[in-house]
Amino acid sequence: RAIAMGESQAAVADDPHAAYWNPAGLASLAYPMVSVSYNRALETVDQQYLSFAYPVKEGTTLDLNMTRMGMARFQGYDAQGVKAGDVGAQDYAFGVAAAHTMLRDDQDRPLLNGGVNLKGIRQQLNHSYASTYASDIGAIVYLLRGEKRFSPGMDPGLRLALTARNLGL
């Protein structure tokens, strides 16, 4: 869904993929969920994502997630332009996310959700490796709702979202 929407997913993230797009969306989950995805892009670049989200109580969810991006091996060259053999590249990110409904309206519906995803990142280019830690933070504000209360995940109102991704620690 996110790829089809041009990656404009911050305000409507309401499934285990929310840990990737906007961790605040995890607070909307009513049931434990697992999500697995595979995306094959141009030039043999592929991405896999795995997420397990578990609502601890209504409005509070914990999540474990993993992202991998890699590509098929390609011809490498040295500084003089001489062929130097095949080169491979891939990235991994392992995350732990949490989200919570911080404000509710008089019908006990969320008004403000906040979330964070803490992750370790490892990148590889051939035989060279680099590792770091980063975080994603997000918020969703629910506006212009009707009087009727909908089930979790069914909210016809307007949402505003803010996400900051890959903040270095």
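Tutor: Two strands pair if DSSP finds at least two bridges between them. Helices (H or I, at least four residues) and strands (E, at least two) are DSSP runs, numbered from the N terminus. Keep in mind that this is a predicted model, where local features need pLDDT of at least 70 and side-chain atom pairs count only at pLDDT 80 or more, while totals for chains, interfaces and linings use all residues. Residues are numbered from 1 along each chain as its sequence is written, and side-chain values use heavy atoms, with hydrogens and water left out.

Now the sheet. The seven strands form an open sheet in the order E1-E2-E3-E4-E5-E6-E7, paired antiparallel. Its edges are E1 (33-40) and E7 (158-168), each of which pairs on one side only. Neighbouring strands are turned by 15° against each other on average, direction ignored; the axes behind that are lines fitted to C-alpha atoms, for helices over the stretch in contact, with angles from 0 to 180 degrees between N-to-C directions.

Zoom in on E2 (residues 45-57) and E3 (residues 60-77): they're joined antiparallel by twelve bridges. One example is Pro-55, whose bridge partner in E3 is Thr-61.

Val-34, Val-36, Leu-50, Phe-52, Tyr-54, Val-56, Leu-62, Leu-64 and Val-96 make a nonpolar surface patch of about 860 Å². E1, E2 and E3 each give two or more residues to the patch, and E2 has the largest share, four residues. To qualify, a residue needs over 30% relative accessible area and no salt bridge; like charges are joined within 9 Å, and nonpolar side chains (Val, Leu, Ile, Met, Phe, Trp, Tyr) within 5 Å. A salt bridge puts a side-chain nitrogen of Lys or Arg within 4 Å of a carboxyl oxygen of Asp or Glu. Areas come from the Shrake-Rupley method with a 1.4 Å probe, and for residues only the protein chains shown count as cover.

Take Leu-50, which sits in E2. Its relative accessibility is 39%, so Leu-50 counts as partly exposed; buried means under 20% relative accessible area, exposed over 50%, and partly exposed lies in between (1.4 Å probe, protein chains only).
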